[in-house]
Amino acid sequence: MNPILTLFLKDIAHFRRDRTSLLLTFVVPAVLIYIFGNVFGVNRESTGPVGIPLAVVNQAEGAKSADAIIAALQKEKTFRLITTTMDANGADVPLTEDKVRSLFRENRIRFALIFPPDTESDDTFGLKVKYLNNPRNDIETQTVNGILQKTIFMAAPSVLMDALRKRATQAIGAAGTESFYRSIARSVGQSFNTDPEKVFDEMMRGDILSPSSSSADTPDSAAVPSDFFDRMIKIESEQVSGKQVKNAAATRSVGGWAVMFMLFSVSGAATSLFEEKKAGLFRRILAAPVKRSHILWSKYLFCTALGMVQLAALFVAGKLLFRIDVTSNLANLILICLAASSACTAFGMLLASIARSPAAASGIATFLILTMSALGGAWFPISLMPDFIQSLSKLTIVYWAMEGFLQVLWANCTFRDLLPYLGVLAGIAAVINAISVWRFNRGEMFD
Amino acid sequence: MLVIDNVTKSYGSLTALQGVSLELKAGEFFGLLGPNGAGKSTLMALIAGLRRPDSGGIRLDGQALTPDNLGSRNKLGFVPQTIALYEDLTAEENLRIFGRLYGLQGTLLRERIDQALVTAHLQDRRRHYVKTFSGGMQRRLNIVAALLHRPKLLLCDEPTVGVDPQSRNAIFEFLQMLNSEGLAVIYSTHYMEEASKLCSRIAIIDHGRMLAIGTLPQLMTRLPFRESLRIEGANLTRDSLAPLLSYGELTSDADAHVLTLHANTRLSDVFREAEAARLPTSSFQLTRPDLEDLFLHLTGKSLRDT
């Protein structure tokens, strides 16, 4: 039997007996992915943050805009609105700005909206709102800012139109305003072949810019002005990639996690060379008709196969736990798994070739794997990182493997589309392997 | 069978072997005796083809033994100093791996494994993990793992390090049995008892140089003395022992006198002279020189102190 095959089978037999390695390779990553997945909420029907405390103080008695925004915020699942607090007697009392500021000092809230008494003013057009925040978590703050803006701008237009109508009436008089609206309604009626009176009524009610104006309960009357503005500002939203993805969050994440765990596993397997050296096994093996290259290739094949099996196990776990579709582009998935696994194995072999002891190899591995995982986007989207970090990320195995996995699982790519990623990973593996062989020939591993 | 011709090997500035030459015949049990760091393991590694000599050459049946030449490896069996076995695999699995590395397979491999397990008295433990074996059992398996392919020459690099006396004797008997079946053995050790008990020919090596080589009697002739007489007696003084001084060199300590005999001295002459001088010959204790004495003589230091 070929020495490479013999040593490869030896590694498999050895691995099968090592319960700790089995546990660390298959069970621990699956459990961690399950935990991480649920921590990040990848199994939820809708993604995004939920239940962030948002204190709201409404000092604007009777301000329609404040009431409308608060009502909209209460419907937004991102936030858990806090509008009251308990007084000394245990009774609920409305929040005050002072109380809100004290809650900030106590680090009990990080976001608050205050509608001051002059939220709406007859003297000015628009709304005045105070937004207090503690941006200790940049990602959370950016997310909250975005959702707050969306909610406010969705809820405020109708009341703003009221304010605008009042200002117009004050400026040009009631008759002038009515005349203006009637001329607009006539134009709309002619353009859309509808009753100008209905359009006029809608405009006078202020429903014309309201998002609810297109509600299904008044299809005939409300549709006209809504259609009108839809045609004025028409935003077409189209998801051009990943439409078929069943669990978007998990599909985005699983590749990065899988590569990170695989790096740990194959690095550990590769550094098992130290144990064999310590036990004197290389002296015995090399005294047989076996070359150093046979040992290295057998180890390389074993680690690559181990990586493949681990990835397969993790993707099966992903399918079972998070409904990730791993079968519709299976051939390409196998190819990218093979490329990623061989690149990760090359990394492990490099560690074994440059380190002088298993402890040193383990330390270097932990440092490099965590660094590569962070830079490569396994933990956070690299688009959130500074430009120079984004450039660095392209130097990591994790980045190219993750991109490759996303191409397969998210974009359902063709083999041709996948080729660049396969090529880069294979190139990384080839370069690292060349360095490793050079190091092994100069090092003490086989002395 | 094995020819080592003027081999030199250095590691940086350290010369591990310098101009070592020897020849080994088929079926010979050859001992390499020397302290730790003498160069024994380096010589073993060169013979096993693990390393390349800086100069000189090693040939087995006319074939060069180098790391690149795998062709002659089937004639060699190598027993490393450490127990080079996979502890998490069974005895049988270990033997299967090492047998396959030498190209054995199928029925032949199974037969050789069975024979090896019987030879090592491990047939009942074939499916037990090596890590559950005693030190002696592991050592025996360590040896038979090098014999599966029926080598002509077995290299044993200090195979009894850390072994209890009982297991050590079992290993000796085992190796002697293999040798009696025609296997040539090179056995490196720093225990002179092992070398003198097992080896038909011995080379004494120190600081990378071969200091002496030959059979035990041949080596003993290198000593300028053969035996010594230990003479105990409360009333005996150096003056009273003066008649014996012509036969050897007398040294004294608090407990006794020791007469180290000259190489050409006959014991019968010494005893005749002692009886004539009315010395108590019944208290004379004859001590024969051993490899320790030879090593001390050749290097100026004790083997056990190195």
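This report describes the fold of chain A and a sheet in chain B of a predicted model.

Residues are numbered from 1 along each chain as its sequence is written, while chains are lettered from A and ligands numbered from 1 in the order in which they are written. In this predicted model, local features need pLDDT of at least 70 and side-chain atom pairs count only at pLDDT 80 or more, whereas totals for chains, interfaces and linings use all residues.

Chain A contains 17 helices and six strands; these elements are DSSP runs numbered from the N terminus (helices H or I, at least four residues; strands E, at least two). Of its 447 residues, 38% are buried, that is, 20 or more other C-beta atoms, placed from the backbone, lie within 10 Å of the residue's own.

Chain B has an open sheet of six strands with mixed pairing, in the order S6-S7-S8-S3-S9-S10; strands pair if DSSP finds at least two bridges between them. Strands S6 and S10 of chain B stand at the edges, each with a single partner strand, so one side of each lacks a neighbour in the sheet.

| Edge strand | Residues |
|---|---|
| S6 (chain B) | 76-79 |
| S10 (chain B) | 209-214 |

Strand S9 of chain B (residues 201-206) runs antiparallel to S10(B), and five bridges join them. Within this pair, Ile202(B) stands opposite Gly214(B) of S10(B). Helix H9 of chain B (residues 291-299) packs on the sheet, touching S3, S9 and S10 of chain B; contact requires C-beta atoms, placed from the backbone, within 7 Å. The direction of H9(B) makes about 40° with that of S9(B), where axes are lines fitted to C-alpha atoms, for helices over the stretch in contact, and angles run from 0 to 180 degrees between N-to-C directions.

Conventions: Buried ≥ 20, exposed ≤ 12 C-beta atoms within 10 Å, placed from the backbone. Contact = placed C-beta atoms within 7 Å.
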